[in-house]
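Please keep the model open while going through the numbered points.

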Amino acid sequence: MAEAPSLALRCTELHRYLGEGDGRVHVLKGVSFEARRGQVYAIVGPSGCGKSTLLYLLGLLDQPDGGSIEINGHTMSNSDDLARTAARGAHIGFVFQFHFLMLEFTALENVMMPMRKLAKLAPADMEARAHQLLESVGLGEKTHRLGTQLSGGEQQRVAVARALANEPSIILADEPTGNLDVKNSGMVFDLLTRLAKDHGQAVILVTHNPEIAQRCDVIRPMRDGLFV
Amino acid sequence: MSPNFHIAYRFLTAKKRAMLMSLSCTVLGVGLFILTQATTSGFEEFFIKTILGTDGAIRIEDKFQDTLRVMSASAGTDFEVSQRDGVKYIEGVEEPKALIKELKNFSNVIAAAPVLRGSVQIRSSFKNETAQIFGIEIDEQLRVSDLGKQVIGGSGALARFRENEAGAIVGRVLADRLQLEVGNSIQVVIGSELTRLRVTTIFETGVQDIDKVRLYVHMSQARSILKKPTGVSFVQVSVFDRDRAPQTAAHIQWVLHHHAVAWQVREKTWLETFYALKLSSAITVSIFTLIAGLAMFNTLAMIVLEKTKDIAILRSMGYERSDITRIFLWQAVIVLLVGAVVGCLVGAGTTYAVSHLPLHLTGIFKTDTFQVYWSPWHYLAAVTTAAIMVMIASLFPARRAARFEPGDIVRGTAQ
Ligand SMILES: Nc1ncnc2c1ncn2[C@@H]1O[C@H](COP(=O)(O)OP(=O)(O)OP(=O)(O)O)[C@@H](O)[C@H]1O
Ligand SMILES: [Mg+2]
């Protein structure tokens with residue numbers, strides 16, 4: 001690539017063991033991966049191959065047993081909790097595979113939560129932005145519903161909106177369309193691609209949906225803890 | 001509203017029952033603390049008022065000749081030894097008039113009155129009792145004591161005493177034992193001497209030890225009965241600031257060379273009893289605040305367990321460990337603040353209610369209702385104790401919540 005867009009994320013030779021004693025499993029066996037701004041990546045593979053485990057590492061929610069992770073040019077795998085937390089807040093938007101929302105809070109409050117921590121916007125602007133984000137995932141009507149009053153798919157879409165709240169340069173989404181019908185999964189996917197193109201964000205998503213995967217810029221199939 | 005506080009509030013109100021549990025423990029702890037302190041201090045205060053109104057704030061007794069010898073251990077060192085047994089006491093106050101005149105110069109002194117005291121036998125038509133007669137100058141005595149309020153029958157009863165040269169004001173219990181009534185005559189026996197007096201008045205302090213042995217007579221009578229033409233046993237002093245009585249006494253002792261005892265020293269035994277009572281009730285009641293702490297611990301530990309996923313979400317969004325700690329400490333603070341305010345109101349309310357409960361006591365003092373003492377310090381102490389207990393107890397779950405690794409939570413392996 002001649003005008004290769006800048007690198008948002010790079011990991012090299014990531015190893016991760018999980019479990020204790022006899023149950024200890026070598027889950028990631030030296031995974032290397034790069035994500036550039038403006039690109040959408042799909043990580044696909046059978047259940048249990050280590051996709052979520054990798055995403056947690058890339059999202060700085062977990063620490064690797066070997067290898068390194070660079071976020072926007074800074075090596076984060078060795079940095080302390082505070083630095084990793086700050087990087088999560090400013091650069092990474094994460095959509096979990098399960099349990100998406102804080103259920104005692106409204107959709108709007110959930111989306112505002114990362115903004116309030118970052119505190120870059122005035123409260124009124126935060127609210128306006130949260131409204132707009134919820135609108136873009138088709139939930140403009142349900143901004144004041146509590147998490148408990150939303151369906152699984154609706155919760156998932158709020159979680160996507162929340163991951164976008166701080167305009168992170170990297171969006172990590174663990175099956176963001178898993179619970180969605182065709183129409184909504186199309187909408188969420190379109191939103192993510194549009195962001196990648198318009199704002200130069202790197203989007204990495206795990207998906208079991210071949211159709212979605214096909215529409216990504218890059219597909220990385222994974223098997224048994226390694227990219228194949 | 002800070003996001004941490006907002007989150008704390010929602011977490012807490014999502015667990016209403018557990019929250020109400022720790023809230024009511026806090027209210028109970030604070031309220032009971034205040035109530036017990038108000039009543040124990042109330043009785044202490046009442047006792048102090050009684051004894052100050054009876055025996056005054058300072059009693060000036062024996063004159064001493066200050067012959068303190070100061071020995072230098074050896075030249076070159078500043079080691080000095082004072083010998084206490086260098087002091088020579090002369091019993092009583094030889095020149096009360098001069099002493100009282102001097103006492104006027106002490107800024108804390110309101111008034112001073114001479115008292116001549118002696119042990120006698122009292123004989124009524126009914127039986128004999130040992131008693132103490134107190135020779136007083138009635139007008140001066142009224143300025144250093146509450147005798148005017150302690151006499152039964154008020155000013156009329158005092159007037160009868162004033163008019164009768166051989167009058168006696170007899171303690172209530174002593175009068176009962178001798179089956180005396182106003183107007184009866186008694187005989188004061190000392191050795192083989194016999195003096196006839198008339199009971200003009202009866203007084204009651206409520207302090208058993210006083211009411212069963214004491215009778216007041218005119219100074220001139222006492223002098224003739226006790227055969228003391230000059231001098232008195234002690235001078236009773238009333239002061240403006242009772243808390244400074246020990247300093248004033250020390251000052252008097254230093255300047256006037258008479259042994260001066262403040263009420264705090266004189267009534268040490270009783271005061272220490274009250275202190276121990278106050279302390280032990282504070283400790284007992286602190287158990288309730290301890291329970292409030294445990295309840296808070298329990299509530300928070302439960303919320304931490306239920307909200308681990310939310311903690312992971314928050315951490316994934318950039319919330320720091322310290323934010324998580326604060327979220328849980330805020331919950332404790334909310335419960336504590338509400339508990340403190342309600343607890344203070346409950347404490348004040350029950351104190352007020354209890355102060356109207358009838359309670360008939362005599363012995364170390366006489367009262368018809370529960371005695372309470374209103375002091376902001378009780379409220380401060382109650383809230384402080386609860387705050388310490390609750391905050392310490394909350395620190396553990398709060399820190400535990402902050403220690404979680406978000407990765408462990410999302411995988412479900414956090415413990
Ligand atoms: N705590 C653990 N102890 C031991 N092994 C674990 C533990 N957690 C996960 N694993 C194993 O790690 C492997 C990878 O898990 P991971 O969740 O990354 O899979 P995945 O690719 O996301 O699967 P899915 O598509 O079902 O979500 C699995 O084989 C799983 O059994
Ligand atoms: Mg997974």
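1. T26(B) belongs to helix α2 of chain B, which spans residues 16–55. Helices (H or I, at least four residues) and strands (E, at least two) are DSSP runs, numbered from the N terminus. T26(B) has a relative accessible area of 1% and is therefore buried. The terms are these: buried means under 20% relative accessible area, exposed over 50%, and partly exposed in between, with a 1.4 Å probe and protein chains only. A polar atom in the side chain of T26(B) lies 2.7 Å from the backbone oxygen of S22(B). Such a polar contact is a pair of N or O atoms within 3.5 Å; within protein, one must be able to donate a hydrogen and the other to accept it, and residues adjacent in sequence count only if both atoms are side-chain atoms.

2. The model is predicted: local features need pLDDT of at least 70, side-chain atom pairs count only at pLDDT 80 or more, and totals for chains, interfaces and linings use all residues. Residues are numbered from 1 along each chain as its sequence is written, chains are lettered from A and ligands numbered from 1 in the order in which they are written, and side-chain values use heavy atoms, with hydrogens and water left out.

3. How confident is the predictor in chain A? The mean pLDDT (the predictor's confidence in each residue, from 0 to 100) is 90 for chain A, and 98% of the residues score at least 70. Within chain A, strand β3 (residues 40–44) has the highest confidence, at 95, while helix α6 (residues 182–199) has the lowest, at a mean of 85.

4. L337(B) is located in helix α14 of chain B, residues 321–354. With a relative accessibility of 55%, L337(B) counts as exposed. Although L337(B) and T26(B) are 311 residues apart along the chain, their C-alpha atoms are separated by 9.5 Å.

5. Where does ligand 1 lie? Its place is between chains A and B. Of the 16 residues around ligand 1, those that come nearest are S47(A), G48(A), K51(A), S52(A) and T53(A); a residue is near a molecule or strand if one of its heavy atoms lies within 4 Å of it. The shell around ligand 1 consists of four nonpolar, 10 polar and two charged residues. Here Ala, Val, Leu, Ile, Met, Phe, Trp, Tyr, Cys and Pro count as nonpolar, Asp, Glu, Lys and Arg as charged, and the others, Gly among them, as polar.

6. A polar backbone atom of G48(A) is 2.8 Å from an oxygen atom of ligand 1, and a backbone N or O atom of C49(A) is 3.3 Å from an oxygen atom of the ligand. In the side chain of S52(A), an N or O atom lies 2.7 Å from an oxygen atom of ligand 1. On its own, ligand 1 has 640 Å² of accessible area, of which the protein covers 69%; accessible areas come from the Shrake-Rupley method with a 1.4 Å probe, and for residues only the protein chains shown count as cover. The largest share, three residues, comes from α1(A).

7. S52(A) is buried because its relative accessible area is 18%.

8. Two residues deserve a check of their backbone angles. Most residues other than glycine have a negative phi. E167(A), however, has a positive phi, near 45°, and is found in the loop between α5 (152–163) and β7 (170–174) of chain A. Q179(B) has a positive phi near 50° and is placed in the loop between α7 (172–177) and β9 (185–190) of chain B. E167(A) counts as partly exposed, at 48% relative accessibility, whereas Q179(B) counts as exposed, at 54%.
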